[in-house]
Amino acid sequence: MRTHKIKLDKEFCDVVLSGEKNFEIRKNDRGYQKGDMIRFIPTDGRRLQFDAESIEMYQHPISNKIYIITYVLSGWGIKEGYVALGITEVIGHEG
């Protein structure tokens, strides 16, 4: 089981946080697996660069949540090299 830190555009943060959007379509460049965790990094495209570290400028409560991958779909109409991930919040996890 791995934890993936992935960016999430600000327009999707509220609907993922509310549970209305319980899936992600992603390039499968990380080998996503059922049971892996996701920590979203909310972004609006702006960032500050400090030496080798980059800090996102957009803050959102979703950055304190952890999501578990409940299903991984590839093929079946999904572009080759991409996956649809079923996700759900890990309840009781903050920070």
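**Fold and confidence**

Guide: Along the sequence, the chain follows the pattern β-α-β-β-β-β-β-β. Helices (H or I, at least four residues) and strands (E, at least two) are DSSP runs, numbered from the N terminus. The chain therefore comes to one helix and seven strands under that definition. This is a predicted model, in which local features need pLDDT of at least 70 and side-chain atom pairs count only at pLDDT 80 or more, while totals for chains, interfaces and linings use all residues. Residues are numbered from 1 along each chain as its sequence is written, and side-chain values use heavy atoms, with hydrogens and water left out.

Visitor: Where is confidence lowest, and where is it highest?

Guide: The quantity to consult is pLDDT, the predictor's confidence in each residue, from 0 to 100. Where it is low, the predicted coordinates should not be read in detail. The chain has a mean pLDDT of 87, with 82% of its residues at 70 or more. Confidence is lowest in strand β4 (residues 47–50), where the mean is 56, and highest in strand β6 (residues 67–73), where it is 97.

Visitor: What share of the residues counts as buried?

Guide: Buried means under 20% relative accessible area, exposed over 50%, and partly exposed in between (1.4 Å probe, protein chains only). Of the 95 residues of the chain, 32% count as buried. Accessible areas come from the Shrake-Rupley method with a 1.4 Å probe, and for residues only the protein chains shown count as cover. The chain exposes about 6300 Å², of which carbon and sulfur atoms supply 52%.

Visitor: Which residues have the most contacts inside the largest nonpolar core?

Guide: In soluble globular proteins, nonpolar side chains tend to be buried together. A nonpolar core is a set of buried Ala, Val, Leu, Ile, Met, Phe, Trp, Tyr and Cys residues joined through side-chain atoms within 4.5 Å. Here the largest such core has 13 residues, and those with the most contacts inside it are Val16, Ile38, Phe40, Ile62, Tyr67, Leu85 and Ile87. Two or more residues each are given to this core by β1 (3–9), α1 (10–18), β3 (37–43), β6 and β7 (82–89). Its largest share, three residues, comes from β7.

Visitor: Which residues does Leu85 touch?

Guide: Contact means heavy atoms within 4.5 Å. Leu85 is found in strand β7 and is buried, with a relative accessible area of 1%. Not counting residues up to four places away in sequence, Leu85 touches Asn22, Phe23, Glu24, Arg26, Tyr32, Ile38, Ile69, Tyr71 and Val72. Leu85 and Tyr32 are 53 residues apart in sequence, and their C-alpha atoms are 8.3 Å apart in space.

Leu8, in strand β1, is likewise buried, at a relative accessible area of 1%. Among the residues that Leu8 touches, beyond four places in sequence, are Val16, Glu24, Arg26, Phe40 and Ile62. Leu8 and Ile41 lie 33 residues apart in sequence and 5.8 Å apart in space, C-alpha to C-alpha. For the chain, among contacts between residues at least 6 apart in sequence, 66% join residues at least 24 apart.

Visitor: How many salt bridges are there?

Guide: Side chains of opposite charge can pair when their charged atoms come close. A salt bridge is a side-chain nitrogen of Lys or Arg within 4 Å of a carboxyl oxygen of Asp or Glu. By this rule the count is three. One of them joins Lys65 and Glu89, the closest N and O atoms being 3.4 Å apart. This pair links distant parts of the chain: Lys65 is in the loop between β5 and β6, and Glu89 is in strand β7, 24 residues apart. Lys65 is buried, at 15% relative accessible area, whereas Glu89 is partly exposed, at 22%. Salt bridges that share partners join Lys21, Glu24 and Arg26 into one network. The closest N and O atoms are 2.4 Å apart between Lys21 and Glu24, and 3.0 Å apart between Arg26 and Glu24. Lys21 and Glu24 are both buried, and Arg26 is buried too.

Visitor: Is Trp76 buried or exposed?

Guide: Trp76 counts as exposed, at 81% relative accessibility. Trp76 is found in the loop between β6 and β7. Although it is not a glycine, Trp76 has a positive phi of about 45°.
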